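Biologist: Before we discuss this model, I would like each label you use to be set against the rule behind it. Could you take me through the burial, the cores and the pockets in that way?

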Amino acid sequence: MDTTARTAPTGTAPVASSPAGRDLLTAEILALGSEIVAGETRDTNSAELARALGDAGVAVLRITALPDRRPAVEEAFRDALGRVDLVISTGGLGPTPDDLTREAIAAVCGEVPFVDPEIEAWLRGLWARRGLAFPALNLKQAWRIASSTTLPNPNGTAPGWWVERPDGRIAVLLPGPPREMRPMWQDEALPRLRARGLGRDHRSRTFRLAGIGESQVADLLGEALLRTENPVVATYARADAVDVRLSAHAESPATDDHGRPTAARSSEMLLDQLEAVVLERLGAFVWARGETTWAQAIGERLAARGWSLAIREIGTGGSVGTLLGGVDGLLHVESIAAAAEPSREPVAEARAVGAAGGADVGLAILARVRGADTGVGIGVTTPDGTRGVERVAFLGGDQGRLRAGLAAAHVLLETLDGVGLEPG
């Protein structure tokens, strides 16, 4: 396929506003492709789209993977357009017989596809430029229906569709390859959706927690808080932390029992009120906000003090070096397969590696099998003092080693904040 940048024609002009005045507040995403349903291809498109819609204040109610079968695709479009304001599909816009997205949405809209001469000329030009005969199969990529607008695809041969229904609902059809989907979404679909009233005033905040499991977090938050609809509290067990995400949208104007207008709280006001409650219950476990990584958090602490770091890890499989490899100020990392001497002491090891690496801070981690779990000895030395900690990481093997590394990062971060330091 020619990868030279090119601009596809856009068919009819985009509709600037909905005849029904519908705001786009709810959405569904349809991922088309038998290869996705069979597990042969990973669907990354839906995650990207859902994240972008959520950030815009749109509630994504459902993500559906569909095989290349027209009845299933038609049913999915019909049902989704009956439930939500916006339906976005990815895939099924190619030229082959199993690319059925256009046929399906046309059937749902009760329209017959036709060949748009401008798009056909553009497609034929792509082949003519390379001195190749135009395959008749590709003509379907020039199809449109009367209610559709073409979305240009400068990275492929499959234009997208923007379809507006009489009730103001929107269907956006995007290509499946991410290198085509992503720019079409960002440059073509998203600006049009924003102009049409996408989402609402929406904000979110994320707190990163350590030293506590997701079930414990949920227990401390309480069921009542976790079931609120605006603002929303959600917990996520990530590989490197437990995240608590707060999100809210501005309240709609309302009136009291006497018909007098009441003050509607903004999303920021709602989040401020919720954050105070959440931090009262979980603040002791919060080590960062947003998407901050362990390497970033520790690097910031070291930079604030002008300190450098050296690491010696024993029996962790290199998990600490992998986790903290991007730390600014990291001068030296040693990874030893297993402790040859069971009596090795973490603080002494930390002091030794700090000296060996010429660093202000030494971190040592000794991981050993402890039944079905992993015992972890952690030592930290800094110019302000030392700290030694013994922990048990849940599970053994790779999972235990990974959790040992996370425990070490948590202890180091606490120590840099002055927790548990002893003179020496």
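**Burial, cores and pockets**

Modeller: In this predicted model, Thr386 counts as buried because its relative accessibility is 9%, and the term buried applies under 20%.

Biologist: Where is Thr386 found, and what does Thr386 touch beyond the residues up to four places away in sequence?

Modeller: Thr386 is found in strand β19. With those sequence neighbours not counted, Thr386 touches Val347, Arg351, Val380, Thr381, Gly420, Leu421, Glu422, Pro423 and Gly424, where a contact requires heavy atoms within 4.5 Å.

Biologist: What makes a group of residues a nonpolar core, and which residues have the most contacts inside the largest one?

Modeller: The members must be buried residues of the nonpolar kinds listed for a core, joined through side-chain atoms within 4.5 Å. The largest such core has 33 residues, and those with the most contacts inside it are Ile298, Leu324, Leu363 and Leu412. Among the elements that each supply at least two residues of this core are α10 (294-305), β17 (361-370), β18 (373-382), β19 and α13, with the largest share, nine residues, coming from α13. In soluble globular proteins, nonpolar side chains tend to be buried together.

Biologist: With which residues is Ile298 in contact, leaving aside its neighbours within four places in sequence?

Modeller: Ile298 is in contact with Leu324, Val327, Ala409, Leu412, Leu413 and Leu416 once those neighbours are left aside. There is also a second, separate core of 22 residues, which includes Leu30, Leu32, Leu66 and Leu81.

Biologist: How much space lies in the largest pocket, and which residues lie nearest its centre?

Modeller: About 940 Å³ of space lies in the largest pocket. Its lining is made up of 29 residues, of which Arg51, Gly54, Asp55, Tyr236 and Arg245 lie nearest the centre. Two or more lining residues come from each of α2 (45-55), β2 (59-66), β9 (202-209), β10 (232-237) and β11 (242-249).

Biologist: How do the residues lining the largest pocket divide by class?

Modeller: That lining has ten nonpolar, nine polar and ten charged residues, and Gly is placed among the polar residues in this scheme.

Biologist: What can be said of the space in the second largest pocket, and of the residues that line it?

Modeller: The second largest pocket holds about 680 Å³ of space. It is lined by 25 residues, the closest to its centre being Gly211, Ile212, Gly213, Arg403 and Leu406. The largest share of that lining, six residues, comes from α13, and by class the lining divides into 14 nonpolar, six polar and five charged residues.

Definitions and conventions:
Residues are numbered from 1 along each chain as its sequence is written. This is a predicted model: local features need pLDDT of at least 70, side-chain atom pairs count only at pLDDT 80 or more; totals for chains, interfaces and linings use all residues. Side-chain values use heavy atoms; hydrogens and water are left out. On a 1 Å grid over the protein atoms alone, a cavity is a set of points where a 1.4 Å probe fits but cannot get out, and a pocket is an open set with protein on both sides within 12 Å along at least five of seven lines; lining residues have an atom within 4 Å of a point. Grid points are joined across faces, edges and corners, and a volume is the space filled by probe spheres set on the points. Helices (H or I, at least four residues) and strands (E, at least two) are DSSP runs, numbered from the N terminus. Buried means under 20% relative accessible area, exposed over 50%, partly exposed in between (1.4 Å probe, protein chains only).
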